[in-house]
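Here is a brief tour of a structure that may be new to you.

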Amino acid sequence: MENMVNVFLMGKKYEVPASLTIMGAMEYAGYQLVRGCGCRNGFCGACATIYRIKGERELHACLACQTQVQENMYIATLPFFPLEKQVYDIEEVKPTEQIMMQLYPEIYSCIGCNACTKSCTQELNVMQYIAYAQRGEYEKCAEESFDCVMCGVCSSRCPAGISHPQVALLARRLNGKYIAPKAEHLEHRVEEIQHGDFNSLIENLMQKPIDELKELYNTREIEK
Amino acid sequence: MYSGEILKSMKKVEAARAKNVQLEPRRMTAEEKDTLLATYHPDYKQDQFAVLQVGPNKGEKVPTELAALLQANSRVNPDKLDLSKVDYDVDVLVIGGGGAGSSAAIEADEAGAKVMIVTKLRIGDANTMMAEGGIQAADKPNDSPAIHYLDAMGGGHFTNKPELLSKLVLEAPSAIQWLNNLGVEFDKAPDGTMITTHGGGTSRKRMHAAKDYSGAEIMRTLRDEVLNRQIPVVDFTAAIELILDEQGKAAGAVLLNMETQEIKIARAKTVIIATGGAGRLHYQGFPTSNHYGATADGLILGYRAGAKLLYADTLQYHPTGVAYPEQIFGALVTEKVRSVGAMLINSEGEAFMHPLETRDVSAASIIRECSTNGKGVHTGNGGVGVWLDTPMIEMKGGAGTIEKRIPAMMRMFAKYDIDIRKVPILVYPTLHYQNGGLEITPDGMTGIENLFVAGEAVGGIHGRNRLMGNSLLDIIVFGRSAGKNAAAKSHDVKVGELTLSHVKKFAKEMEEAGIHSEIVSPKLLPDYRRPRTTL
């Protein structure tokens, strides 16, 4: 017999194999998931989940697809959280401090409680990246927040009503578009292609019989 | 952490590491690869395929699981549906909210069309979000689109449609530029030079990445752009049948609210299928690296309406899915782990192959190592795998390389007390990508007028095996292109009377062929519930 544990899905007790993830436990119990399940691999943030081990004070947050069940786990899924996303035109905004003040002024109401960081399912230093955003240091904010999956747990715990993942996303787009250095070789290559510089090379390949293509392929030089 | 047989084998890997790290195993010859594939690749297991008896590809073979869905019953009764009551009326209807669908929607919107996205889960719940390794583009001085073309053509066993592949490689640099201009962050050197690496089968280092969150970085940016443009996204709503007009042109879709089961009718001048892949059909019982909704819905919709499939019999098994621990069994271990220096090592500590062969060859080689060669590591519960020696990465690239370049992998294993900087990991092939799909012309249109396809639902771009980094690329190139072309085409379209006669016709053909199916399709979602006594 498999090693079993008791978990409480939305408060209701189920006995499930101890080896399962929380998501696997829900399916074992009989839930056909529609909400709260996306990539099942820790990238999409659909399965944000809050749990507490019976008798303990501490509240934990996790991704259900990435977390193994434990005995006496009280589980509440958070398949949606109302984050506030501001609409903007990426071509019009500029990477200045003012843009955060305009779009997400609530970040300046941060009281420094650090609940966001404590709850982050990706173990990011959320409060720190918000601090960078406050100061207009978008490059640092982008780096610190990079692994964010936008599950929204941080925002659910924030007394200031900050939508951290949206703030971070704006910072990353500003960084990617305006702050990070331009790739000159990329721009150069795009111009060459627009100029038609490679058309005849490609057309030549497209017309080659397969045997010739195979020969070219099998003897091609491979960069070290 | 590891114990028992796994730990014993790991000691051999550790003992051989200093020697192995110096090696560059030779690459296989073309003949060796052909024999290997024919013997060990799942695509060659004839008993796992069925011949289609109805529809545009009648007489051709596809995986049995796909055949069962292609030759199944519609979810709707055409006689009971009132198509005259239109709930959504748009120029361009995009079915699917992944990278291809979002790119298409952005470009259609840019072109001034009235566009709407429907997606059965949320926008961004897609394989795009999970693509870790990177995106190819020949933008370095020692590279060219022609070399990219040859790499992809060889990787695809010379079966790629040349006119689709040339579009892919020629528009690759501008795709990267478009993403960068939207704010996608790429790994760059301080002077702005893109940091690029090899992928399996590339002859130049042209893999652009955003750490190992490449797809997630692209997807979250595209999603943000869709929302900024205020393009309507009808989420938790699946398309369950295409609607044609009386001339047989695509004219909309029947939609199903996944939660309330309410049916809605969408009318559109042009329709773009961007529904992605099929990993959740678990072909041949393989685990999958795909997202929850990867059930080949677009192929079913298109096929029933008369669109032709191309290479639907070829799937990609990613060589390195997680073999251990079981909680993440089948999850993707990005090819980038090998790009940055990890080698494949068998249970005896031997580097049994070059780590950057193409995916089909690598997968077949690992299967051979674990079967005939008997040099797999048994993981308990009947599982088996080979080692991917991650500590080599920092021996080659220096301390901190793993955290900097593959943080998602480090995090995924750390949750199970496996520190990939210090110990190697166990991998085995996992169902990863649908090489085939609906056949299109370079403008993105199928044989059905006004029906476009983009992304993983397309067949032909990659031939019978896709190279790493060409999928993130194709969703952008062909997604954008489908969006532009569908928007342009919509100017001249006057939608006729909506009809589901093709659904009736397909059912009649099935009946005439003597096929009686209990299954309804598209599948929409897999069912992982434990078998229980239910009402």
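## The core and the chain contact

In this predicted model, the largest nonpolar core has 236 residues. Val92(B), Val94(B), Val271(B), Ile272(B) and Ala454(B) touch the most other members. Helix α16 of chain B, residues 471-490, gives the largest share of this core, with nine residues. In soluble globular proteins, nonpolar side chains tend to be buried together.

Take Val94(B). Leaving aside residues up to four places away in sequence, Val94(B) touches Gly101(B), Ala104(B), Ala105(B), Val115(B), Met116(B), Ile117(B), Ile272(B) and Ala274(B).

Now turn to helix α4 of chain B, which runs through residues 99-110. This helix has 12 residues and reaches 16 Å from its first C-alpha to its last, close to the 16 Å expected at 1.5 Å a residue. Is α4(B) mostly covered or mostly uncovered? Mostly covered: 11 of its 12 residues are buried. Among them are Gly101(B), Ala104(B) and Ala105(B). The cover includes α16 of chain B, along with the elements in this table.

| Element of chain B covering α4(B) | Residues |
|---|---|
| β4 | 88-95 |
| β5 | 115-118 |
| α5 | 127-130 |
| α9 | 214-228 |
| β12 | 263-273 |

Just after α4(B), Gly112(B) takes a positive phi of about 90°.

Last comes the contact between chains. Here 59 residues of chain A are in contact with 70 residues of chain B. On the side of chain A that touches chain B, α7(A) gives the most, with seven residues. By class, that side has 31 nonpolar, 13 polar and 15 charged residues.

How values were computed:
Residues are numbered from 1 along each chain as its sequence is written. Chains are lettered from A and ligands numbered from 1 in the order in which they are written. This is a predicted model: local features need pLDDT of at least 70, side-chain atom pairs count only at pLDDT 80 or more; totals for chains, interfaces and linings use all residues. A nonpolar core is a set of buried Ala, Val, Leu, Ile, Met, Phe, Trp, Tyr and Cys residues joined through C-beta atoms within 7 Å. A residue is buried if 20 or more other C-beta atoms lie within 10 Å of its own, exposed if 12 or fewer, and partly exposed in between; C-beta atoms are placed from the backbone. Helices (H or I, at least four residues) and strands (E, at least two) are DSSP runs, numbered from the N terminus. Two residues are in contact if their C-beta atoms, placed from the backbone, lie within 7 Å. The expected span of a helix is 1.5 Å times one less than its number of residues. Ala, Val, Leu, Ile, Met, Phe, Trp, Tyr, Cys and Pro count as nonpolar, Asp, Glu, Lys and Arg as charged, and the others, Gly among them, as polar.
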